Amino acid sequence: MKAILFDVDDTLYDLSEPFCKAYTELFGQEEEALLQKIFRSSRKYSDEVYNKALAGEITMEEMYIYRVQNALLDYKKQITDKKALEFQSIYEKYQFQIALSKTMGELLMECAKHWTLGVITNGPAKHQWDKVYTLGLTRYIPKEHIFVSGELGFSKPQKEIFIYACERIGAPVEEACFVGDSIYNDIMGSKNAGLKAVWFHRRQADNLSLNGALPDWEAKSEEELRHVLMQLKK
């Protein structure tokens, strides 16, 4: 293995933390178990319409409204479009208070000793670069090895973005591994491009959702992810 590339959102940091803070600020206290369920629903609905937003078929605001309204509706809570956009604004505020955990920072530092590192992340360029800088990722990964879909003509799960990133960092796809949380965008996308894949999901996930996109490895915590990746250097 010559290179390891990472997703950002809900991989290098726990995306549920800013989501749950935004929910609590706007709607009040709720049980953590329910908050995690609502968060998972929002990710599912986000995946459903992200590519439509990227293609200009719907606006980003329409995507934000769709994912939070439907996630809350799954748990019998109805909100207006205006309230959904208010939630998004608060959510973004907390997204820029994120930080790498001690474990993840140490993992990136250790990985950088053994492999060429990179990042592939979906989203508007400024929005994702702000998160990259907030997390301090350029301490571990060269800026030129960080690829944001909003700056390119393709996004995950399109295989072109994985192939492009591997070419830019100088690693054949068959000697590269991608780490991400999304079965559709990260695992299916990277596998179709010829990379190995680690499915890293912080919350209980339904294996039935794999739909044939089988990862090479799986990790359910940062500690498990560290163990999996350290095994690759043997």
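1. In this predicted model, Lys143 lies over the face of Trp129, 5.6 Å from the ring centre.

2. The structure holds 10 aromatic pairs. One of them joins Phe162 and Phe178: the ring centres are 5.2 Å apart and the planes stand at 90°, so the pair is classed as edge-to-face. This pair links distant parts of the chain, with Phe162 in helix H7 (residues 159-169) and Phe178 in strand S4 (residues 176-180), 16 residues apart. Phe162 is buried, at a relative accessible area of 0%, and Phe178 is buried with a relative accessible area of 0%. Elsewhere, ring pairs connect Phe19, Phe39, Phe87 and Tyr91 into a cluster.

3. The sheet is open and has 6 strands, in the order S3-S2-S1-S4-S5-S6 with parallel pairing. Strand S3 (146-148) and strand S6 (217-219) are the edge strands, each pairing on one side only. From one strand to the next, the twist averages 20°.

4. Strand S1 (residues 3-6) and strand S2 (residues 116-121) run parallel and are joined by 4 bridges. Within this pairing, Ala3 has Thr116 of S2 as its bridge partner. Helix H6 (residues 125-135) packs on the sheet and touches S2 and S3, its direction making about 150° with that of S3.

5. A search of the whole structure finds 16 salt bridges. In the one between Asp14 and Arg203, the closest N and O atoms are 3.1 Å apart.

6. Arg226 is partly exposed, with a relative accessible area of 30%; Glu106 is partly exposed, at 31%.

7. Within helix H6, Lys126 and Asp130 are 4 residues apart, about one turn of the helix. Their side chains form a salt bridge of 2.8 Å, N to O. Lys126 counts as exposed at 61% relative accessibility, whereas Asp130 is partly exposed at 27%. Separately, salt bridges that share partners join Asp7, Lys156 and Asp186 into one network.

Technical notes:
Residues are numbered from 1 along each chain as its sequence is written. This is a predicted model: local features need pLDDT of at least 70, side-chain atom pairs count only at pLDDT 80 or more; totals for chains, interfaces and linings use all residues. Side-chain values use heavy atoms; hydrogens and water are left out. Rings of Phe, Tyr and Trp (its six-membered ring) pair if their centres lie within 6.5 Å; planes under 30 degrees apart count as stacked, over 60 as edge-to-face and the rest as tilted. Helices (H or I, at least four residues) and strands (E, at least two) are DSSP runs, numbered from the N terminus. Buried means under 20% relative accessible area, exposed over 50%, partly exposed in between (1.4 Å probe, protein chains only). A charge sits over a ring if NZ of Lys or CZ of Arg is within 6 Å of the ring centre and within 35 degrees of the ring normal. Two strands pair if DSSP finds at least two bridges between them. Axes are lines fitted to C-alpha atoms, for helices over the stretch in contact, and angles run from 0 to 180 degrees between N-to-C directions. Contact means heavy atoms within 4.5 Å. A salt bridge is a side-chain nitrogen of Lys or Arg within 4 Å of a carboxyl oxygen of Asp or Glu.
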